[in-house]
Amino acid sequence: MERTGPAPLDRAAAEEGPLEKVKFYFDPACPWCYQTARWARRLEELGEIELSWGVFSLEVVNLSADKDPRALEARSGPALRTALVLRDRDGDKAVGTFYASLGRRMWEEPPPPDDMAEAVRAALSASGLDPHTADRALADPSTWDAVLEEHRALVDGTRSFGVPTIVLDDGAGLAMFGPVVSHLPTDEDAVALWRHTSWLVRYGNFAELKRSRLGRPDLPTVKWRAEQAAKADSPR
């Protein structure tokens, strides 16, 4: 019987075809999402995919039914609102650069920032972008409405429940939660993971696959938080 599956890991063969365009939805509050975004950006550098970026709010999806998300003072709000303003004005590449810088500050430089708005301004500056973009985003209430609209559209359209969520076909195709990775894979493993995962998502007979997480994200702030929790629990 002839078997079908992901293409072999042949870089030259991959470069002959068009890049696969995918949309990556993020909330900077999630370390797992940041780790998967690092993998996705490496795939883009390797010429495997082309990324665009969308926003998702974990605080909104976890909000109780009797609460109005329009009144929510979300911790990730400044970042998500700024990301949409950046995307409208400067395009997806600017959003990717901004998220990489903000994620690095939050998850690779402990302790994490207390003031999210200030962290967003610093990430913009570090990315070579206008730090006043954050102030403009936060001064305009409609930017939070735009975050909620994009969040709801993803949830309603794909039944998404968290991040990282990746949508195939430039955001118009099938969606997947994950892949969730603890460590940044090697280049060869990164490509293999993408080709096998995306093939599986497109396989019409596939329903679901899950296993328990084998470890925390390999990120300095995650380790710092674990150390702080251990100190707090230790007898004095």
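Biologist: What is a salt bridge here?
Modeller: A side-chain nitrogen of Lys or Arg within 4 Å of a carboxyl oxygen of Asp or Glu. Side chains of opposite charge can pair when their charged atoms come close. One caution before the details. This is a predicted model, where local features need pLDDT of at least 70 and side-chain atom pairs count only at pLDDT 80 or more, while totals for chains, interfaces and linings use all residues. Residues are numbered from 1 along each chain as its sequence is written, and side-chain values use heavy atoms, with hydrogens and water left out.

Biologist: OK. How many salt bridges does that rule give?
Modeller: The count comes to 13.

Biologist: Which residue does glutamate 20 form a salt bridge with?
Modeller: Arginine 202. Their closest N and O atoms are 2.4 Å apart. The pair links distant parts of the chain, 182 residues apart. Glutamate 20 is in strand β1 (residues 20-26) and arginine 202 is in helix α9. Helices (H or I, at least four residues) and strands (E, at least two) are DSSP runs, numbered from the N terminus.

Biologist: Why does glutamate 20 count as partly exposed?
Modeller: Because its relative accessibility is 21%. Buried means under 20% relative accessible area, exposed means over 50%, and partly exposed is in between (1.4 Å probe, protein chains only). Arginine 202 counts as partly exposed too, at 38%.

Biologist: And arginine 87, what does that pair with?
Modeller: Glutamate 150, with the closest N and O atoms 2.6 Å apart. Arginine 87 is in helix α4 (residues 77-90), glutamate 150 in helix α8 (residues 142-158), and 63 residues separate them. Glutamate 150 counts as buried, at 14% relative accessibility.

Biologist: Where do arginine 121 and aspartate 135 sit?
Modeller: First, the two side chains meet in a salt bridge, 3.0 Å from N to O. Arginine 121 is in helix α6 (residues 116-126) and aspartate 135 is in helix α7 (residues 132-139), 14 residues apart. Arginine 121 is partly exposed, with a relative accessible area of 23%. Aspartate 135 is partly exposed as well, at 31%.

Biologist: Switching to α6. Which residues are buried in α6?
Modeller: Met116, Ala117, Ala119, Val120, Ala123 and Leu124. Seen down the helix axis, they fall within an arc of 160°, so they line one face of α6. The arc is that of the directions from the helix axis to the C-beta atoms.

Biologist: What do the buried residues of α6 pack against?
Modeller: Helices α4, α5 (92-108) and α7. Packing rests on contact, meaning heavy atoms within 4.5 Å.

Biologist: What happens at the start of α6?
Modeller: A side-chain oxygen of aspartate 115 reaches to within 3.1 Å of the backbone nitrogen of alanine 117. After the helix comes glycine 128, whose phi is positive, near 75°.

Biologist: Is threonine 82 buried or exposed?
Modeller: Buried, at 0% relative accessibility. Threonine 82 is in helix α4. Not counting residues up to four places away in sequence, threonine 82 touches Phe98, Val120, Leu124, Thr133, Ala134 and Ala137.

Biologist: And leucine 102, where is its place?
Modeller: In helix α5. Leucine 102 counts as buried, at 1% relative accessibility. Leaving aside neighbours within four places in sequence, its contacts include Pro28, Ala79 and Met116. The C-alpha atoms of leucine 102 and alanine 122 are separated by 8.0 Å, and the two residues are 20 apart along the chain.

Biologist: What does the side chain of glutamate 108 make a polar contact with?
Modeller: The side chain of tyrosine 34, at 2.4 Å. A polar contact is a pair of N or O atoms within 3.5 Å; within protein, one must be able to donate a hydrogen and the other to accept it, and residues adjacent in sequence count only if both atoms are side-chain atoms. Glutamate 108 lies in helix α5. At 28% relative accessibility, glutamate 108 counts as partly exposed.

Biologist: Last one. Which residues make the nonpolar surface patch?
Modeller: Tyr203, Phe206 and Leu209, about 310 Å². Patches are made of residues with over 30% relative accessible area and no salt bridge; like charges are joined within 9 Å, nonpolar side chains (Val, Leu, Ile, Met, Phe, Trp, Tyr) within 5 Å. Accessible areas come from the Shrake-Rupley method with a 1.4 Å probe, and for residues only the protein chains shown count as cover. Phenylalanine 206 lies in the loop between α9 (187-202) and α10 (220-233).
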